[in-house]
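Here's a quick briefing on a protein model, written for someone new to reading structures.

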Amino acid sequence: MPNVRLIPDGTRYSTPQEETWRERLRHQLESVLHLWGYDPVQTPALEVFNPHHPLAEKGFKLVDRDGTVLMLRGEYTTSVAQLVQTLPTPTYPVRLRYSGPLWVRTRDAELGRQREYTQVGAELLGVQTPQSDAEILSLALGCLDVVGLPKAAVEIGHPGFVKAVLEQTQLEPDKIQALRGAVHRKNAPELNRLLEQYGIAGQTRAAVLRLIDLYGSVDVLREAKEIALNAEAKDCLENIRAVAELLPPERFLFDLGIARGLDYYTGVIFQAYTPDFGQPLCGGGRYNAGLPAVGFALGLERLTTALGEAPSLETVYAICTAPQSAQRLRAAGKRVIGAWTDKQAELEQAALAWGVPYLVLGDVALRLEDGVRCSVEELCS
Amino acid sequence: MQLTIAIPSGERSKKFALDCLRRAGLEIPDLTDSRSLRLEFGELTLLLVKDPDVPVYVDVGVADCGIVGQDHILESGRDNYEPVDLGGNKYRFSYITLSNPPARVERVATKYPRATRQFLRQRGIAADVIALGGKIELSALTGLADAIVDIVETGRTLQENGLVERERLLELSTRFIVNRAALKLKAATLRDLIHSLTAISARIPA
């Protein structure tokens, strides 16, 4: 048995190859967010446990020295919204981005799902307009493009629409809840059975049944008009239409039957998918955390799983016996390592094994491929 | 378009699933003698997985869709779309005890611990759930458990072992389930399949 300590389920060691890749992806994403004007923030990984937190049941709990229950950060949105309220006189809208590890205790570790995982995300706070929703949606797409997922599509929904259409039935909350569950699973037989059982008929019944089939291109927004019978449903539809108008139609899908997060999201909601990967790469939407806001987060592990293998490590450029030569090359932006022994044969052997092109002996560079010599100056250029 | 379907490997459930897919118009050759776990026919891939694992393969997106009994869907707690009731063998989740049950139920044995916990909670029964691999009836007969929650088809095994079906908790059937991303990205293919399956399910004999 190799002497490796066990690590908890759903956590990972990240190899140099993987971490180099993760670092690069994070950097690419952060650069996009930076260019869109989002400033970085960080929140404590240790949070004071709050039973009303969206992940209160699912988080890892710890006990502080005075007995206070703490929870490991399980998502960023809640704490970023709190952080904003501590900023000295912010001028809204505020654009913030974040990046870091999160922990979810109750999750099963499996393909694309870890209990310790990393999110990169952005929040646009203190504004509630179609333009701000569209900005976050476009930004999410920009992030997927920069990491090399040009076929990814973003799917937009509006849980408020589902809520409004279900309220057209004028049923009691527990029955609405049951209908909502069936809509969420696009469970046509169950929905039919429930509507029958609750005695819902005619136009109202037809509207609820249509909900689960309203997914696809932007055309579904037009079809949805037929089932928007009350003012709330019409408002939601108008809202999502106003957002859609600001977006290029070819990369966006719509599903007016999205019923998740009904109690949390206050406007549009979205997830992004890429072909042949069955899990969302990112998710977000409009919410209210003391102030109106819209945001999204990408799961870094989802991205790497969807993208496939980590690219090979960048080899170093040279092995240098003289520290001065190494310093000059580094100043020229070359990645070089110092010699760890006087034995030239050992250095050459290592260089060949790693694919390092040059061995620099004193101030003379030796190209290992063909034995040609040149000066350190020449290597610097 | 490439489509991967997870179907249950259990003899009876496999036969039913293949039957449904063929009737829905998919061209699948005779698999009676095949031992392959992954079968490819042009753009179609079939994965033969253990019945309870079908919802897992679909949820993580290894399969785009699948066919499986509703008991396994409930027990898995997975968040898949469930658009078609394929009918098939009608069976039910039931709460079962001896004909002279103990005054107080403290332990309930089942193959479906997750679903059972949910039922017990809904009915306010504060009992421990004992997860067993099969032949659940024996646990009630031997005193390992005071009651059992299991699927019942005809009820014959129960009768022969002196057990009584106290409550039918839920009627069950075989369902077609779909991965959330796949439904959207392979919308045309899957919409067609859903419509065909819905159309034939009305005609499948029970």
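Buried means under 20% relative accessible area, exposed means over 50%, and partly exposed is in between (1.4 Å probe, protein chains only). By that scale B:Y57 is partly exposed, at a relative accessible area of 32%. This is a predicted model, so local features need pLDDT of at least 70 and side-chain atom pairs count only at pLDDT 80 or more, while totals for chains, interfaces and linings use all residues. Residues are numbered from 1 along each chain as its sequence is written, chains are lettered from A in the order in which they are written, and side-chain values use heavy atoms, with hydrogens and water left out.

**Around B:Y57**

- You'll find B:Y57 in helix α2 (residues 54-59) of chain B; helices are DSSP runs (H or I, at least four residues) and strands are too (E, at least two), numbered from the N terminus.
- Together with A:L111 and B:V62, B:Y57 makes a nonpolar surface patch of about 230 Å².
- Residues in such a patch have over 30% relative accessible area and no salt bridge, with nonpolar side chains (Val, Leu, Ile, Met, Phe, Trp, Tyr) joined within 5 Å and like charges within 9 Å.
- A salt bridge is a side-chain nitrogen of Lys or Arg within 4 Å of a carboxyl oxygen of Asp or Glu.

- Helix α12 (residues 344-354) of chain A has A:L347, A:A350 and A:A351 as its buried residues.
- Seen down the axis of α12(A), those residues fall within an arc of 100 degrees, so they line one face of the helix; the arc is that of the directions from the helix axis to the C-beta atoms.
- An α-helix has 3.6 residues a turn, so residues three or four places apart point the same way.
- On the face turned away from the buried side of α12(A) sit the exposed residues A:A345, A:Q349, A:L352 and A:A353.
- After α12(A) comes A:G355, with a positive phi near 75 degrees.

**Aromatic pairs**

- Over all chains, the structure holds 8 aromatic pairs; rings of Phe, Tyr and Trp (its six-membered ring) pair if their centres lie within 6.5 Å, and planes under 30 degrees apart count as stacked, over 60 as edge-to-face and the rest as tilted.
- A:Y76 and A:Y98 have ring centres 4.3 Å apart and planes at 25 degrees, so this pair is stacked.
- A:Y76 is buried at 1% relative accessible area, and A:Y98 is buried at 3%.
- B:F93 and B:F119 pair edge-to-face, 5.7 Å centre to centre with 70 degrees between the planes.

Definitions and conventions. Areas by Shrake-Rupley, 256 points an atom, 1.4 Å probe, with all protein chains shown as cover.
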